[in-house]
Amino acid sequence: MAQNSTKTDDLRQKSDDQLSDELTTLKREQFNLRFQAATNQLEAPARIREVRRAIAKIKTLQTERSKRSAADAKAKA
């Protein structure tokens with residue numbers, strides 16, 4: 001469990017651009033893994049789950065940041 005929080009902490013320290021780049025990379029990997037699974041060439045089936053969860057973490061962080069910035073803008077107005 002501590003390992004997951006460490007990775008989340010690492011993601012929180014990245015900028016918005018870095019998170020977007022990471023998300024793009026993970027989505028590309030997810031596509032490749034799906035393709036490998038469909039052609040029965042997948043060597044690490046657990047990697048699909050890891051990638052899916054990493055994508056979810058990044059999207060969650062992006063949503064949190066956008067809501068926070070919207071709340072900050074509303075508070076300033």
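Q: How many residues apart in helix H2 are phenylalanine 31 and phenylalanine 35?
A: In general, residues three or four places apart on an α-helix point the same way, because the helix has 3.6 residues a turn. In this predicted model, phenylalanine 31 and phenylalanine 35 are 4 residues apart in helix H2, and therefore about one helical turn separates them.

Q: How many aromatic pairs does the structure hold?
A: The structure holds 1 aromatic pair. Phenylalanine 31 and phenylalanine 35 form this pair, with ring centres 6.4 Å apart and 35° between the planes, an arrangement classed as tilted.

Q: Is phenylalanine 31 buried or exposed?
A: A residue counts as exposed when its relative accessible area is over 50%. Phenylalanine 31 is therefore exposed, at 51% relative accessibility. Phenylalanine 35 is likewise exposed, at 53%.

Q: Which residues in H2 are buried?
A: The buried residues in H2 are Leu19, Leu23, Leu26, Gln30 and Leu33. The helix itself covers residues 16–38, which makes 23 residues. From its first C-alpha to its last it reaches 33 Å, close to the 33 Å expected at 1.5 Å a residue.

Q: What follows H2?
A: H2 is followed by asparagine 40, which has a positive phi, near 55°.

Q: How many salt bridges does the structure hold?
A: There are 5 salt bridges in the structure. One of them joins aspartate 16 to arginine 65, with the closest N and O atoms 2.7 Å apart. This pair links distant parts of the chain, since aspartate 16 lies in helix H2 and arginine 65 in helix H3 (residues 46–76), 49 residues away.

Q: Is arginine 65 buried or exposed?
A: The class buried applies under 20% relative accessible area. Arginine 65, with 18%, is therefore buried.

Q: With which residue does glutamate 22 form a salt bridge?
A: Glutamate 22 forms a salt bridge with lysine 14, and their closest N and O atoms are 3.4 Å apart. Glutamate 22 is partly exposed, with a relative accessible area of 28%; lysine 14 is partly exposed, with a value of 28%.

Q: Where do glutamate 50 and arginine 47 lie?
A: Both lie in helix H3, 3 residues apart, about one turn of the helix. Glutamate 50 is partly exposed at 45% relative accessibility, and arginine 47 is partly exposed at 29%. Salt bridges with shared partners join Glu29, Arg47 and Glu50 into one network.

Notes: Residues are numbered from 1 along each chain as its sequence is written. This is a predicted model: local features need pLDDT of at least 70, side-chain atom pairs count only at pLDDT 80 or more; totals for chains, interfaces and linings use all residues. Side-chain values use heavy atoms; hydrogens and water are left out. Helices (H or I, at least four residues) and strands (E, at least two) are DSSP runs, numbered from the N terminus. The expected span of a helix is 1.5 Å times one less than its number of residues. Buried means under 20% relative accessible area, exposed over 50%, partly exposed in between (1.4 Å probe, protein chains only). Rings of Phe, Tyr and Trp (its six-membered ring) pair if their centres lie within 6.5 Å; planes under 30 degrees apart count as stacked, over 60 as edge-to-face and the rest as tilted. A salt bridge is a side-chain nitrogen of Lys or Arg within 4 Å of a carboxyl oxygen of Asp or Glu.
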